[in-house]
Amino acid sequence: MSRPAPTPKRIGVLIIDDDPFVRQALAQFVNTAPDLAVLGCAPDGSDAIQLVGRLKPQVVLMDVHMPEVDGMDATRAIRVAHPDVRVLVLTAFGDHETVDTALRAGASGFLHKTAKPQEVVNAIRLVARGHGVLPAEELNRRWTAASKQEEPIDFTQREREVLTALGRGLANRDIAAELSISESTVKMHLSSLMAKLGASSRIQVLVQAHHRGLA
């Protein structure tokens with residue numbers, strides 16, 4: 001007697017936004033994706049911090065401006081307490097300072113609320129796999145700023161291999177398997193790349209690397 005094929009595990013998503021209509025709209029189209037599942041919704045960053053520990057989402061869709069605890073403070077708290085949880089900031093405020101603050105807080109990605117539903121769904125999938133997500137105009141701004149830095153950087157061969165794999169969107173465990181090294185060694189090389197590029201996150205490494213034609 002044959003057994004039914006196992007159902008692939010869906011990516012758990014938590015939606016945090018102080019506008020109930022936005023929460024409802026986001027939940028509706030996220031739940032239409034067969035590989036995503038909304039685990040819960042809440043109107044404030046204080047709720048997000050509590051719900052992440054209880055619901056164990058892979059990705060948090062986070063608004064910025066909320067009445068009690070804003071999205072930046074909530075992102076910092078979540079990333080400290082739950083480093084495996086990815087935060088995707090989704091806001092109507094897309095100025096460069098807000099983007100920079102979100103990334104420094106530990107967000108894996110940033111999207112404007114004018115993004116199409118499919119763009120949001122795809123971004124959730126990407127950050128869940130360890131990728132970084134930024135709007136094209138923000139990447140262009142960062143590449144332009146990086147172009148002013150003309151000092152060459154001396155990478156080791158292994159750092160270049162890790163950087164190339166990172167640019168292909170591989171997670172640490174996949175990079176380790178491909179290069180036949182341990183995950184701890186991959187993390188060591190990533191730390192070295194961040195230091196050499198003046199980056200504080202994987203996405204910032206990629207921004208700098210894309211500009212230099214390295215990934």
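Two strands count as paired here if DSSP finds at least two bridges between them. With that in mind, let's walk through this predicted model.

**The sheet**

Five strands make up an open sheet in the order S2-S1-S3-S4-S5, and their pairing is parallel. Strand S2 (36-42) and strand S5 (109-112) sit at the edges with a single partner strand each, so one side of each has no neighbour in the sheet. On average, neighbouring strands are turned by 20° against each other, direction ignored.

Take a look at the pairing of S4 (residues 86-91) with S5: the two run parallel and are joined by four bridges. Threonine 91 has histidine 112 of S5 opposite.

Helix H1 (residues 20-31) and helix H5 (117-128) both deserve a look here.

| Helix | Strands touched | Angle between directions |
|---|---|---|
| H1 | S1 (11-16), S2, S3 (59-62), S4 | about 165° with S2 |
| H5 | S1, S2, S3, S4, S5 | about 155° with S4 |

**The largest pocket**

How much space lies in the largest pocket? The figure is about 990 Å³. Its lining has 38 residues, of which Arg86, Gly130, His131, Asn172 and Arg202 are the closest to the centre. H5 gives two or more residues to this lining, as do helix H6 (136-146), helix H7 (157-167), helix H8 (172-179), helix H9 (183-197) and helix H10 (202-211). By residue type, the lining splits into 16 nonpolar, twelve polar and ten charged.

Methods: Residues are numbered from 1 along each chain as its sequence is written. This is a predicted model: local features need pLDDT of at least 70, side-chain atom pairs count only at pLDDT 80 or more; totals for chains, interfaces and linings use all residues. Side-chain values use heavy atoms; hydrogens and water are left out. On a 1 Å grid over the protein atoms alone, a cavity is a set of points where a 1.4 Å probe fits but cannot get out, and a pocket is an open set with protein on both sides within 12 Å along at least five of seven lines; lining residues have an atom within 4 Å of a point. Grid points are joined across faces, edges and corners, and a volume is the space filled by probe spheres set on the points. Ala, Val, Leu, Ile, Met, Phe, Trp, Tyr, Cys and Pro count as nonpolar, Asp, Glu, Lys and Arg as charged, and the others, Gly among them, as polar. Axes are lines fitted to C-alpha atoms, for helices over the stretch in contact, and angles run from 0 to 180 degrees between N-to-C directions. Contact means heavy atoms within 4.5 Å.
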